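Subject: Structure handover

Dear colleague,

Please find below the structure I said I would pass on. My notes come after it.

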Amino acid sequence: TTIVYSLADRPEGPWSTPVSVFSPPENERDGAFVYAAKAHPGLSAGGELAVTYANNTFKDFSVLVGDTSIYYPRFVRVRIP
């Protein structure tokens, strides 16, 4: 999973080619499921965009409940040129 952005002058597009801005480290975990990246312009400033994403696991339920680092939202700031 990689977080990307695209730009457009109108909501319906046309959209620019996606540009990769962040690869979540959770991707390296065995059975990782990283999803739901969302931009938060209201929390952004100085050329950086606040982004949240979620992580989970495709392993059995005992892995999820036994590992407290899974299933919490992550917050990152990415630079958008």
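This is a predicted model: local features need pLDDT of at least 70, side-chain atom pairs count only at pLDDT 80 or more; totals for chains, interfaces and linings use all residues.

Residues are numbered from 1 along each chain as its sequence is written, and side-chain values use heavy atoms, with hydrogens and water left out.

The sheet

Helices (H or I, at least four residues) and strands (E, at least two) are DSSP runs, numbered from the N terminus. Two strands are taken as paired if DSSP finds at least two bridges between them. On that basis there is an open sheet of 3 strands in the order 3-4-5, with antiparallel pairing. Strand 3 and strand 5 (74-79) are its edges, each pairing on one side only. Neighbouring strands of this sheet are turned by 30 degrees against each other on average, direction ignored; the axes behind that angle are lines fitted to C-alpha atoms, for helices over the stretch in contact, and angles run from 0 to 180 degrees between N-to-C directions.

Between strand 3 (residues 32-45) and strand 4 (residues 48-57) there are 8 bridges. One of the pairs is F33 with N56 in strand 4. These two strands form a hairpin with 2 residues between them, where G46 takes a positive phi near 60 degrees.

The core

A nonpolar core here is a set of buried Ala, Val, Leu, Ile, Met, Phe, Trp, Tyr and Cys residues joined through side-chain atoms within 4.5 Å. Buried means under 20% relative accessible area, exposed over 50%, and partly exposed in between (1.4 Å probe, protein chains only). The largest such core has 7 residues: I3, V34, L49, V51, Y53, V76 and V78. Contact means heavy atoms within 4.5 Å. Not counting residues up to four places away in sequence, V78 touches V21, F22, G47, E48, L49 and V51.

The loop residue

Y72 lies in the loop between helix 1 (61-66) and strand 5. Y72 counts as partly exposed because its relative accessibility is 48%. Leaving aside neighbours within four places in sequence, Y72 is in contact with Y53 and N55. Y72 and A54 are 18 residues apart in sequence, with a C-alpha to C-alpha distance of 6.3 Å.

Regards
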